[in-house]
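Have the viewer open as you read.

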Amino acid sequence: MPETKELNSPAEASVERWERETLEPVLKKRPERKKHFETVSLDEVERLYTPADVEGVDFERDTSFPGEFPYTRGIHPTGYRGKLWTMRQFAGFGTPEETNARFKYLLEHGQTGLSVAYDLPTLMGYDADSTLSEGEVGKCGVAVSSLADMEVLFDGIPLEEVTVSQTINAPASVLLAMYLVVAEKQGADFKKISGTLQNDILKEYIAQKEWIYPIRPAMKLVVDTFEFCTRHVPKYNPISVSGYHIREAGATALQELAFTLRDGVEYVQWGVEAGLDVDEFVPRISFFFNAHNDFFEEIAKYRAARRIWSRVMRERFGAKSERTLQLRFHTQTAGVSLTVQQPLNNIVRVAIQALAGVLGGTQSLHTDAYDEALALPTDRAALIALRTQQIIAEETGVANTVDPLGGSYFIESLTKKMEDGALDYFEKIDSLGGMVEAIEKGFPQREIQESAYQYQKAVERGDQTIVGVNKYSMEGEQTEVPILVINEGVRDRQVERLQRAKSQRDSGAVAGALEKLKKAAVAGDNTMPATIEAVRAYATLGEICDALRDVYGLYEEPAF
Amino acid sequence: MSERKIRVLVAKPGLDGHDRGAKVIARALRDAGMEVIYTGLRQTPEMIAAAALQEDVDAVGVSILSGAHNTLCPRIVELLHERGMDDCLVIVGGIIPQEDIPRLKEQGVSAVFLPGTSTEEIVKFLRENVGQRA
């Protein structure tokens, strides 16, 4: 017997008694199904959690009350009893006309916020007529090359009233400018506009890899949007720091949590160094997490995220305002978990993942459509995804009480484990010199690649089950569900509008604005005013990004 | 003399940056004893064909998730033919609708692997189909 036995707490002693008297005789008769039980992150889960597992967790200090530091149980004292989460389905495909129609369809069916998916050329800062855009226009999202497209995209949608999230990273400052100019043309007051810009460039270098410029100038562009929004668009969230893509690229839940929050710290650091006041700009930083298959692991991740953020903001940056300490986040169910095989099973996966997001206290939620492993969603698939949220919100009763899983030995212990693990990663990243340096050295990239490979191996060994794929598969199964086909003619129509916009604009004004933008970039001034001027003159996305490419250069990924 | 190792170029054409699959496959093929060259992101079909020729590979594995496969795959096959690499297999993995598969095969793609395929299956396919080369 271990010598430390007499040091055991009463809680541990009672667990030992239970193991001896009740558990062991049963295990002898009937062993468990397998030796190790693991989460989808390949992290071991114990048989039972008891008070002994939460001895290091203090209720007042660590768990506390919702709406109070460290916000483990949520940022609102009333949880969802006051206001439900925002149902915000990510949508975008084909032409701006088609996406505008989808937006209106979703709003008509009870969706409460919009979220724009842009196509790859837009995400990479190329116009529809670039040779690099061949085969890609309107495929993974809506195609936007200039203000003329943006005007159509938000036609009939009042930007003072509807909050819009834009998933746009490398060229975020340009799309923000386009959005503001459309709002201005609608007669909206900048002070009343709210919405979110994904604008998280660090996770692009780490995981999603849609970058344009080298890391440091790209970070400068992000800080420009912080500065501009703090002054002129105070209700707008200029960044949504995103773990979603980090997870999709293969990270574990812990890596998603750690790298995302450390990215958040990096943005705050850069903002502070640019002279911004923490309590002024940090309240407008929001987060975006994945909701993957392992139910409890995900819930613990969200709870730990709030706790870590509030502590780090207070301890590292001396934040005082409540809003600075409160981590707000959007959640999207895990696209990577969806299967091509037996696609209707995805409806069930999405519902359970979404439930984890809700029990973790998300502020807004996107539920994936069941056909997304095949193509972008059809109207029907998108509607079922929205209905899934409405069923969770209004039929299951989970929104009736705040943080219903708080106090669970398992959840509290897992939350603590997540927090400790994330802080270990923080230490490692700090020792590398910060997140920018860690990325330059390939640290988070290698960690994620390793996890992705280990997960694939676990699936191939059968240690991780994917229903319909490595278990319960059906030979010769007909997977046919109707899918959305993007017309190859989208590019022609987009090029046509682009040419029309170019022929009608004042080319002198465009050239002048682009010159001004380059000068601002060279001088290290805020680029937002010149970007807005260029957008107003109908300079295209490609032209504006080219101007910045001239000044900043292009990012080349080193081989890791 | 030991048998020549199978050489594979893992390529990521188009603008899409989702390289999880490409990297997992590259490592799995390496672990299976093949020589793997990964092109990195955003390679044009021309760059991919040139790399295939230069590296004298037996197969090109193309990863596409963006829906641009109908434009990019036939172009890669065509460019390989132009360079005299008629024996070089082109295999495709990613999000490819079922109905596009017959056409891709007619255009010279040897196999299409959809999400959920085990890496072992791809290894097996390459071992069985590469090697008719002199």
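A pocket here is an open set of grid points with protein on both sides within 12 Å along at least five of seven lines, and its lining residues have an atom within 4 Å of a point. The model is predicted. By that definition, the second largest pocket is lined by 49 residues.

**The second largest pocket**

- Its volume is about 1200 Å³.
- Nearest the centre of the second largest pocket lie B:T39, B:G40, B:L41, B:R42 and B:Q43.
- Chain A supplies α7 (202-208) and α18 (443-461) among the elements giving two or more residues to this lining.
- Chain B supplies α1 (20-31), α2 (45-55) and α3 (69-82) on the same criterion of two or more residues.
- α18(A) gives the largest share of the lining, 7 residues.
- By residue class, the lining has 24 nonpolar, 9 polar and 16 charged residues.

**Helix packing**

- Two packed helices are described by the angle between their axes and the distance between the axes.
- α18(A), with its 7 lining residues, packs with α1(B) at an angle of about 65 degrees.
- The axes of α18(A) and α1(B) are 10 Å apart.
- Angles of 65 to 115 degrees count as roughly perpendicular, so α18(A) and α1(B) are roughly perpendicular to each other.
- The crossing of α18(A) and α1(B) is right-handed.
- Within chain A, α12 (residues 295-317) packs with α14 (residues 345-359) at about 30 degrees, and their axes are 8 Å apart.
- Angles under 35 degrees count as roughly parallel, which makes α12(A) roughly parallel to α14(A).
- The crossing of α12(A) and α14(A) is right-handed.

**Helix α16 of chain A**

- α16(A) covers residues 409-431, which is 23 residues.
- From first C-alpha to last, α16(A) reaches 33 Å, close to the 33 Å expected at 1.5 Å a residue.
- Just after α16(A) comes A:G433, with a positive phi of about 110 degrees.

**Loop backbone in chain A**

- The peptide bond from A:F69 to A:P70 is cis, with omega near 0 degrees.
- A:P70 sits in the loop between α2 (59-63) and β1 (86-91) of chain A.
- A:N199 has a positive phi of about 50 degrees, although A:N199 is not a glycine.
- The loop holding A:N199 runs between β4 (195-197) and α7 of chain A.

Note on methods. Residues are numbered from 1 along each chain as its sequence is written. Chains are lettered from A and ligands numbered from 1 in the order in which they are written. This is a predicted model: local features need pLDDT of at least 70, side-chain atom pairs count only at pLDDT 80 or more; totals for chains, interfaces and linings use all residues. Side-chain values use heavy atoms; hydrogens and water are left out. Helices (H or I, at least four residues) and strands (E, at least two) are DSSP runs, numbered from the N terminus. The expected span of a helix is 1.5 Å times one less than its number of residues. On a 1 Å grid over the protein atoms alone, a cavity is a set of points where a 1.4 Å probe fits but cannot get out, and a pocket is an open set with protein on both sides within 12 Å along at least five of seven lines; lining residues have an atom within 4 Å of a point. Grid points are joined across faces, edges and corners, and a volume is the space filled by probe spheres set on the points. Ala, Val, Leu, Ile, Met, Phe, Trp, Tyr, Cys and Pro count as nonpolar, Asp, Glu, Lys and Arg as charged, and the others, Gly among them, as polar. Axes are lines fitted to C-alpha atoms, for helices over the stretch in contact, and angles run from 0 to 180 degrees between N-to-C directions. Angles under 35 degrees count as roughly parallel, over 145 as roughly antiparallel, 65 to 115 as roughly perpendicular and the rest as oblique. A crossing is left-handed if the near helix is turned anticlockwise from the far one by less than a right angle, and right-handed if clockwise.
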